[in-house]
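Here is a walk through two places in a protein model. Please keep the sequence and the coordinates open while reading.

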Amino acid sequence: MVVRGEFPAWLQGTLLRNGPAKFDIGSTTVNHWFDGLAMLHRFEFGGGNVTYTNRFLRSEAFTESIAEGQLALGGFATDPCRTLFQRVASVFSPHYTDNGNVNIDVFGGATVALTETTLPVRFDPQTLATMGQAPISADVGGQLSIAHPHHDKSRGCRFSYVVKFGPHSHYRLFAIPDDGSPERVIAEMPVDKPAYMHSFAMTERYLILTEFPIVVDPLKLLLALSPFIRNYEWQPERGLRFHVFDKDTGELIATRSAKAAFAFHHINAFEDGDNLQIDASVYDDPTIIDQLYLAPLRAGETIAAIGRPIRFTLALDHDAPVTSTVIADEMLELPRMDYDRCAGRPYRYMWGAGQSPGGSFLDSIVRVDVAKGETSRWFAEGCFPGEPVFVSRPGADQEGEGVLLSVVLDAIKGTSSLLLLDARTLSEIARAECPHKIPFGLHGNFYPDA
Ligand SMILES: [Fe+2]
């Protein structure tokens, strides 16, 4: 990559990213952005240089799809053309998709690519070579999970959740110990109509499932007459429900309600006296899912609005409706914060890919001072940045002291760059230019050299 500016000497490590990248398979095209086959991206930083490599994740979904010339395993909004008999499978069959195209994490020392099933796929973080499935254990079970587990440094584990569909469906929260010992179930909660939840919230003591009123009758998934997400129904009259679980005992501490809303991403959450503060990038309803179908995206249709940073305040000591306040008058998605320092704790700053007023998609990088509601923006004409990953400067004693890494598509030049911004000022420090486009990705993380 051609470097402009100067990458700091302390930035030594690897940014691993993930996202859907192959949408045309044989003579077919997947329906939705979230159904593209996963591509892993690797940016290595050291000595002021940046190298970039990518590789398709050789999941079973990838291999079978290439062989069949169509998406072989049911995805988010695309289902292969099958007979009714074959359809009675989908999420109830052990043969659901492992197209890990959403995020990257480290489970018990193994680097994995994640989608929203219980089939993480291992890969080599150096070569990006696929090493096979690393399924969530049978003790945890379930068919659906999330690509946004939380890491709890003090407890030495990650937390995640699954939905176990069946005659009696359940949400099940579980822990993935960092030392590689077996996963363990923390809590279980029966549910008639499970909600679509892309992430959840964590504080120092609690795990919070935010149950958006986009829910599914498990029988519909069993019959699988429609692609996965099409079986879910928006039922705003249910409102929003927050289920608060104790991390250590698994006890359901509280369930609280709010006006209907939808979100993909929680930003952070923390305990505040007898209250919980839960921040997310929030939509009025889930129509954003429809706007991310491939046909309107390829036709260049504009996305009217993306999420706004909203704070939900939930009383733990008495049953009262949850209140919501606008953190800042901005639209932003793919939110990040100083996770190592602030996950589950009071915090001051968030960053996200923003949509500027009158803009049509993620066209800027936004920094929000959560306490003051003040924002600042990085913007360049014709450029579309992805998720800004915060990297703390070694030895930093202040929150937000470090840099942001974001892959930016320059639609005018038809190339992509890895952009390095000062996380405080959003001023550009350096960029590494790639001679070609890099598919717009979803999520990733920076791993410093040991
Ligand atoms: Fe996500």
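His 32 has a relative accessibility of 0% in this predicted model, and because buried means under 20%, His 32 counts as buried. The residue sits in a loop, with strand 4 (28-29) on one side and strand 5 (37-46) on the other.

The backbone oxygen of Ile 289 is 2.8 Å from a polar atom of the His 32 side chain.

Four histidines coordinate the iron ion through their NE2 atoms: His 148, His 198, His 265 and His 443, at 2.0 to 2.1 Å. The angles among the four donor atoms run from 93 to 159°. Tetrahedral geometry would need all angles between 85 and 135 degrees, and the site is classed as irregular.

Along the sequence, the donor residues follow the spacing H-x49-H-x66-H-x177-H. His 198 belongs to the loop between strand 14 (184-190) and strand 15 (201-202), while His 265 is in strand 21 (residues 262-272), so this pair ties together parts 67 residues apart in sequence. Both His 198 and His 265 are buried.

Methods
Residues are numbered from 1 along each chain as its sequence is written. This is a predicted model: local features need pLDDT of at least 70, side-chain atom pairs count only at pLDDT 80 or more; totals for chains, interfaces and linings use all residues. Side-chain values use heavy atoms; hydrogens and water are left out. Helices (H or I, at least four residues) and strands (E, at least two) are DSSP runs, numbered from the N terminus. Buried means under 20% relative accessible area, exposed over 50%, partly exposed in between (1.4 Å probe, protein chains only). A polar contact is a pair of N or O atoms within 3.5 Å; within protein, one must be able to donate a hydrogen and the other to accept it, and residues adjacent in sequence count only if both atoms are side-chain atoms. Donors are N, O and S atoms within 2.8 Å of the metal (3.2 Å for Na, K and Ca); water is not among the atoms, so sites may look incomplete. Four donors count as tetrahedral if all angles lie between 85 and 135 degrees; four count as square planar and six as octahedral if opposite donors are over 155 degrees apart and all others between 65 and 115; anything else is irregular.
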